[in-house]
Amino acid sequence: MEKSVMVVGIDDSDCSFYALEWTLQHFFSASPENHLFKLVIVHAKPSPSTVVGFAGPVGAVDVLPIVDSDLKKIAARVLQKAKENCAAKSVNDVKFEVVDGDARNVLCEAVERHHASVLVVGSHGYGAIKRAVLGSVSDYCAHHAHCSVMIVKKPKIKH
């Protein structure tokens, strides 16, 4: 019987890695033959022009290769950390992807490409104003992904 696919979206935030850890603990702690899902971990690498801005400073064209190099290093670091987290939980049958583009679109497209039945994303816990300005990847995916979306929230520390 073919296993369902679970896509986990990650970035370089603590919230993202908390969601990955939570997912590994709750869905992949059993022996590999008992896993209910195939795991695909996706990192969306933004384009340099979106990071610098379309109306960026004079000479921004000269900066784009440097920004792109930094974004590639961040993506490599994010994937390496995800691989280490999976290995630490003895989850070895994982597909890792870095896809250029906006995280909202990249994750919804990954769901379609892999025929995923579940998408897992972390929550940054932005308030209404930040969410309105920055946009919420989890909110977008919850409304546009063609599968169930699980938004994993990192517990707040109680004082």
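Figure 1. Cys 141 counts as buried, at 0% relative accessibility. The structure is a predicted model, and a search of the whole of it finds zero disulfides. A disulfide is a covalent bond between the sulfur atoms of two cysteines. For Cys 141, the closest cysteine sulfur is that of Cys 108, and because the two sulfurs are 4.2 Å apart, they are too far from each other for a bond. The closest cysteine sulfur to that of Cys 147 also belongs to Cys 108, at 8.0 Å, which is again too far for a bond. Cys 147 is likewise buried, with a relative accessible area of 17%.

**Figure 2. The contact of helices α4 and α6.** Helix α4 covers residues 103-114, and helix α6 covers residues 137-144. The two helices pack at an angle of about 35 degrees, and their axes are 9 Å apart. Their crossing is right-handed. On the side of α4, the contact is made by Ala 103, Arg 104, Asn 105, Leu 107 and Cys 108, while α6 contributes Val 137, Tyr 140, Cys 141 and His 144. By class, six residues of this contact are nonpolar, two are polar and one is charged.

**Figure 3. The five-stranded sheet.** Five strands form an open sheet in the order β3-β2-β1-β4-β5, and their pairing is parallel. The edge strands, β3 (94-100) and β5 (148-153), each pair on one side only. On average, and with direction ignored, neighbouring strands of the sheet are turned by 25 degrees against each other. Strand β2, residues 37-45, runs parallel to β3 and is joined to it by seven bridges. Within β3, Val 98 is the bridge partner of His 43.

**Figure 4. Helices α1 and α6 on the sheet.** Helix α1 (residues 14-27) packs on the sheet, where it touches β1 (4-10), β2, β4 (118-123) and β5. The direction of α1 makes about 155 degrees with that of β1. Helix α6 lies across β4 and β5 and runs at about 160 degrees to β5.

**Figure 5. Surroundings of Thr 23.** Thr 23 is a residue of helix α1. With a relative accessible area of 0%, Thr 23 is buried. Leaving aside residues up to four places away in sequence, Thr 23 touches Met 6, Val 8, Phe 28 and Val 120.

**Figure 6. Gly 101 in the loop between β3 and α4.** Gly 101 has its place in the loop between strand β3 and helix α4. The residue is partly exposed, with a relative accessible area of 24%. Gly 101 and Pro 46 are 55 residues apart in sequence, yet their C-alpha atoms are 5.0 Å apart in space. When residues up to four places away in sequence are not counted, Gly 101 touches Ala 44, Lys 45, Pro 46 and Val 106.

**Figure 7. The setting of the close-up views.** The protein has six helices and five strands. From the N terminus on, these elements run β-α-β-α-α-β-α-β-α-α-β. Of the 159 residues, 36% count as buried. Among contacts between residues at least 6 apart in sequence, 76% join residues at least 24 apart.

Key. Residues are numbered from 1 along each chain as its sequence is written. This is a predicted model: local features need pLDDT of at least 70, side-chain atom pairs count only at pLDDT 80 or more; totals for chains, interfaces and linings use all residues. Side-chain values use heavy atoms; hydrogens and water are left out. Two strands pair if DSSP finds at least two bridges between them. Helices (H or I, at least four residues) and strands (E, at least two) are DSSP runs, numbered from the N terminus. Axes are lines fitted to C-alpha atoms, for helices over the stretch in contact, and angles run from 0 to 180 degrees between N-to-C directions. Contact means heavy atoms within 4.5 Å. A disulfide is a pair of cysteine sulfur atoms within 2.5 Å. Buried means under 20% relative accessible area, exposed over 50%, partly exposed in between (1.4 Å probe, protein chains only). A crossing is left-handed if the near helix is turned anticlockwise from the far one by less than a right angle, and right-handed if clockwise. Ala, Val, Leu, Ile, Met, Phe, Trp, Tyr, Cys and Pro count as nonpolar, Asp, Glu, Lys and Arg as charged, and the others, Gly among them, as polar.
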